[in-house]
Amino acid sequence: FKSCSHIKSTSSTTAPRTMIEDIHSEHNEDDELLPQIEIEKHALEKEEDQTLQRVKYETILMQSCRTVKIVMAVTLMAPLTSTTRWYVTELYMQSLSSAATPPNVSIAVFCRFLFSALCSLCVSVYGDRSGHDKSLLFAFVVNGVGIFLEAIAQNLWLFLIGFFLCSFSMLQITMAYIAFILPHKHAISYMSILFSACSLIYFIGPLL
């Protein structure tokens, strides 16, 4: 009987111990799994953040490309309006005043190109300091005022003011704006398209 009671007592004492050891082992396994779960959770959160940032980037890029296309279309109006009337400008000046002789017109054209180069330099510096979008808007307004003055001019001096204002360089400012607002890869392609379209307009414009 003593041996049986001893066996019962040992079995009764070892059973709780094994249960406690099993519980501890389960807790240890859970503790080992927690860091892995947290790592996977952080990885998923990071992947979601990257996806959201990618979607935002693509949305902003599409909006920027749409804006650049509109700016390019407006910019191409400047060479179109200048080349289509370039060969009748001298005749129109002579109709306004007898002082518009060929040598004087040549001097006026030379001064116009010089004024365009100086304006490009000044506006580029202004765009670097205050923003290329502001300088581009300013160039659009100046060109619009120049075309309006040329259209309503009844004397040579008013026509020359509009003639000089229309030379306000927009191509260089637009290229600076494209390089500022778009990534390098897209900026190169859009600038190439703009320059090619501008060259084509300078070739076709006189025929119109």
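Two rings of Phe, Tyr or Trp form a pair if their centres lie within 6.5 Å; planes under 30 degrees apart count as stacked, over 60 as edge-to-face and the rest as tilted. The model examined here is predicted.

**Exercise 1.** State how many aromatic pairs there are by this rule, and classify the pair of Tyr 92 and Phe 159.

*Solution.* The count comes to four aromatic pairs. For Tyr 92 and Phe 159, the centres are 5.2 Å apart and the planes stand at 55 degrees, a tilted pair. Tyr 92 belongs to helix α3 (residues 89–96) and Phe 159 to helix α6 (residues 156–165), so the pair links parts of the chain 67 residues apart.

**Exercise 2.** Determine whether Tyr 92 and Phe 159 are buried or partly exposed.

*Solution.* Buried means under 20% relative accessible area, and exposed means over 50%. Tyr 92 has 33%, and is therefore partly exposed. Phe 159 has 4%, and therefore counts as buried.

**Exercise 3.** Classify the pair of Phe 159 and Phe 163, and name the cluster that ring pairs form.

*Solution.* The centres of Phe 159 and Phe 163 are 6.1 Å apart with 15 degrees between the planes, which makes the pair stacked. Both residues lie in helix α6, four residues apart, about one turn of the helix. Ring pairs link Tyr 92, Phe 115, Phe 159, Phe 163 and Phe 164 into a cluster.

**Exercise 4.** Describe the largest nonpolar core and the contacts of Val 68.

*Solution.* The largest nonpolar core has 24 residues, and Val 68 is among those with the most contacts inside it. Beyond its neighbours within four places in sequence, Val 68 is in contact with Tyr 177, Ile 178, Ile 181, Leu 182 and Tyr 190.

Conventions:
Residues are numbered from 1 along each chain as its sequence is written. This is a predicted model: local features need pLDDT of at least 70, side-chain atom pairs count only at pLDDT 80 or more; totals for chains, interfaces and linings use all residues. Side-chain values use heavy atoms; hydrogens and water are left out. A nonpolar core is a set of buried Ala, Val, Leu, Ile, Met, Phe, Trp, Tyr and Cys residues joined through side-chain atoms within 4.5 Å. Buried means under 20% relative accessible area, exposed over 50%, partly exposed in between (1.4 Å probe, protein chains only). Contact means heavy atoms within 4.5 Å. Rings of Phe, Tyr and Trp (its six-membered ring) pair if their centres lie within 6.5 Å; planes under 30 degrees apart count as stacked, over 60 as edge-to-face and the rest as tilted. Helices (H or I, at least four residues) and strands (E, at least two) are DSSP runs, numbered from the N terminus.
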